[in-house]
Amino acid sequence: MVIEWLRFKVPPEKWEAFIQRDEEVWTAGLKNFPGFLGKEIWVDAVENEVVLLIRWETREQWKSVPQNTIDELDSQMGDLQIAVAESREYQVRQRIL
């Protein structure tokens with residue numbers, strides 16, 4: 001499994017709207033792609049950040065999402081389109097349940 005980790009600087013008054021729109025646009029859009037396993041949303045009230053943790057079966061499946069789809073989903077965020085402040089990629093080597 002691979003993790004796509006994205007950090008956004010989001011003003012607190014926009015947290016709920018940003019999270020809701022992200023669910024309607026990005027989560028709904030990514031569910032159609034093979035390898036998408038799910039997503040978590042973390043909010044840091046101290047740093048005014050929203051972190052998205054997106055789980056993919058493989059890196060190849062994640063990277064197979066076409067750029068035009070990414071651009072379209074991004075544009076659907078409308079007034080809540082916020083630039084990614086930081087992105088990371090993690091390989092999950094062991095899951096302990």
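This is a predicted model: local features need pLDDT of at least 70, side-chain atom pairs count only at pLDDT 80 or more; totals for chains, interfaces and linings use all residues.

Guide: Residues are numbered from 1 along each chain as its sequence is written, and side-chain values use heavy atoms, with hydrogens and water left out.

Visitor: How many aromatic pairs are there?

Guide: Rings of Phe, Tyr and Trp (its six-membered ring) pair if their centres lie within 6.5 Å, and planes under 30 degrees apart count as stacked, over 60 as edge-to-face and the rest as tilted. By this rule the count of aromatic pairs is 2.

Visitor: Is the pair of Phe8 and Phe18 stacked, edge-to-face or tilted?

Guide: The ring centres of Phe8 and Phe18 are 5.2 Å apart. Their planes stand at 55°, so the pair is tilted.

Visitor: Which parts does the pair of Phe8 and Phe18 tie together?

Guide: Helices (H or I, at least four residues) and strands (E, at least two) are DSSP runs, numbered from the N terminus. Phe8 lies in one such run and Phe18 in another, 10 residues apart in sequence, so the parts tied together are strand 1 (residues 2-9) and helix 1 (residues 15-30).

Visitor: Is Trp56 buried or exposed?

Guide: Buried means under 20% relative accessible area, exposed over 50% and partly exposed in between (1.4 Å probe, protein chains only). Because Trp56 has a relative accessibility of 1%, Trp56 counts as buried.

Visitor: Which residue forms a salt bridge with Lys39?

Guide: In general, side chains of opposite charge can pair when their charged atoms come close. A salt bridge is a side-chain nitrogen of Lys or Arg within 4 Å of a carboxyl oxygen of Asp or Glu. For Lys39 the N to O distance is 2.4 Å, and the partner is Asp22.

Visitor: Is Asp22 buried or exposed?

Guide: The relative accessible area of Asp22 is 2%. With that value, Asp22 is buried.

Visitor: Which parts are tied together by Arg59 and Glu89?

Guide: Arg59 and Glu89 form a salt bridge, with the closest N and O atoms 2.6 Å apart. The two residues lie 30 residues apart in sequence, so the pair ties together helix 2 (residues 59-63) and strand 4 (residues 86-91).

Visitor: Is Arg59 buried, exposed or partly exposed?

Guide: The relative accessibility of Arg59 is 39%. At that value, Arg59 counts as partly exposed.
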